[in-house]
Each structure stands twice: as C-alpha cells, then as structure tokens.
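Visitor: Hello! I am new to protein structures and would like to learn how to read one. Could you walk me through it?

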Amino acid sequence: MSALLHARRPRSARRRPFRPLAAIVPAVLLVLAVLLGTGGAANAHDELTGSNPAEGATVEVLPPTLELDFSNVPSGIGAQVQVLDEAGTDWADGPVSIVDRSASQPLRSGAPAGSYTVNWRVVSSDSHPIEGTFAFRTQQGSTTVPDAVSTAGPVDAQDAPDNETQAAGVSDFPWSIVLMIGVLVVIAVALAVTARRRLGAGRQ
C-alpha cells in the first residue's frame, strides 16, 4: 500500500505546475477581448445619416424646422446648428431640440430664395464632439405667416368665457361630494349599530 502511494506522488507533483497556467490563459484572453472591444467602441463615433432638407436638395421654401438624423442618440449639451443664406444671415431660431436620434432646429420665417449652408455640431454618444456641413437650395422665399391667435379677434376671446360660465353654472353644485358624505354617514351608522349589538350580546 505504501509503495503505491509513493509511486503516485511524483505524478501529482508533475501536474501541479500546469494548474496555474490553465487558470491564467482564460483570464488573459478575457482581458484582451475587453480591451479590443473598448478600443473598437471608442473609434466608432456617431455619424449623420440623413437630413431634411437633404444635402444638395432643392426645396420650394425654407421649412419651419431643419432636421438632422444620426446613427445614435447624441447629447443635447452643446448642440449647435447654423442655417446661413447667401448673405451669411443665420435663420436658426432658438436652441436645438434632440429627440431619440433626431436633432431639430427651428427656423425663422421670411427667408429669401437661394442657397443655404448648414453648419452643425453635436456631442456624440461617446462624449466626443462631431461636426459637419452641407448645402441645399430653395426656389422661393418664405413669407411671414400671421399669428392665428392675434387674428381671432377680441370678440371670440370674450364670447368663449361667457359660454363656459353659462355651461359651468349648471354643474357648480358639488353633488358628488354630497353623495360621498351621505355614503360615509350610512357606513358609520351601520358600524355603530353592529358594535352595540356585539356589546349587548357579550354582556348577556
């Protein structure tokens, strides 16, 4: 028996040096995979996939909003869009709005016909700023559209509250509250009667 034990010890001693090596190899491969993955993700910045108006397009008039579509959701911080006419006037109006993968830039009305240059700059989803430029043309100049609220007139604005107050006068009394109070009173009386009956039965 002792001879067999002494004979098996050298074999186990020979196998022990290979165990640390077998544990290190998967760990090294995992670290390399993580490093390669992060390196590839860092190089993949967001890209402009489309716009409205599109690059090189000819539209009838300058739209009320210019839209930019990206390959990923950009950050809303630091987003800037310029829409310059041939004279260098910027027709962008207000801040850029980003919803999902689209960035929208409101434009002022009254823009002339001609060529327009769009300069855009946003912060990519990987926190790196990206920018670009493209151009399009308009066939006609846009005109200022009158405000619908101002053209409604003071008569309509005064008539609406009168109609509302007349309609509201029918249902001014809070019937729902009265009904709720009545239900609560009935429940309280029923509970009191039940409690008295239980006390009387207990005394007997």
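**Reading the fold step by step**

Guide: Gladly! Let us start with the parts list: this protein has five helices and eight strands. Please keep in mind that the model is a predicted one.

Visitor: Among contacts between residues at least 6 apart in sequence, what percentage join residues at least 24 apart?

Guide: For this protein, the figure is 59%.

Visitor: Now to the inside. What share of the residues is buried?

Guide: A residue counts as buried when its relative accessible area is under 20%. Here, buried residues are 16% of the 204 in the protein.

Visitor: Which residues of the largest nonpolar core touch the most other members?

Guide: That core has 19 residues, and the ones touching the most other members are L62, L66, L68, V81, V83, W120 and F136. At least two core residues come from each of β3 (65-70), β4 (75-84), β7 (114-123) and β8 (129-138). The largest share, four residues, is supplied by β7.

Visitor: Can we zoom in on one core member? What does V81 contact, leaving aside its neighbours within four places in sequence?

Guide: V81 is in contact with L66, L68, D90, A92, V96, Q105, V118, N119 and W120.

Visitor: Q105 is on that list. Is Q105 buried or exposed?

Guide: Q105 sits in strand β6, residues 102-106. Its relative accessibility is 2%, so Q105 counts as buried. Beyond residues up to four places away in sequence, Q105 touches P64, T65, L66, V81, A92, D93, G94, P95 and V96.

Visitor: Which backbone oxygen does the side chain of Q105 reach?

Guide: The side chain of Q105 reaches the backbone oxygen of G94, at 3.0 Å.

Visitor: Which residues make the nonpolar surface patch of about 630 Å²?

Guide: L179, M180, V183, L184, I187 and L191 make that patch. Take I187 as an example: its place is in helix α5, residues 175-203.

Visitor: Why does I187 count as partly exposed?

Guide: Partly exposed lies between the cut-offs of under 20% for buried and over 50% for exposed. I187 has 44% relative accessibility, so it counts as partly exposed.

Methods. Residues are numbered from 1 along each chain as its sequence is written. This is a predicted model: local features need pLDDT of at least 70, side-chain atom pairs count only at pLDDT 80 or more; totals for chains, interfaces and linings use all residues. Side-chain values use heavy atoms; hydrogens and water are left out. A nonpolar core is a set of buried Ala, Val, Leu, Ile, Met, Phe, Trp, Tyr and Cys residues joined through side-chain atoms within 4.5 Å. Buried means under 20% relative accessible area, exposed over 50%, partly exposed in between (1.4 Å probe, protein chains only). Contact means heavy atoms within 4.5 Å. Patches are made of residues with over 30% relative accessible area and no salt bridge: like charges are joined within 9 Å, nonpolar side chains (Val, Leu, Ile, Met, Phe, Trp, Tyr) within 5 Å. Accessible areas come from the Shrake-Rupley method with a 1.4 Å probe; for residues, only the protein chains shown count as cover. A salt bridge is a side-chain nitrogen of Lys or Arg within 4 Å of a carboxyl oxygen of Asp or Glu. A polar contact is a pair of N or O atoms within 3.5 Å; within protein, one must be able to donate a hydrogen and the other to accept it, and residues adjacent in sequence count only if both atoms are side-chain atoms.
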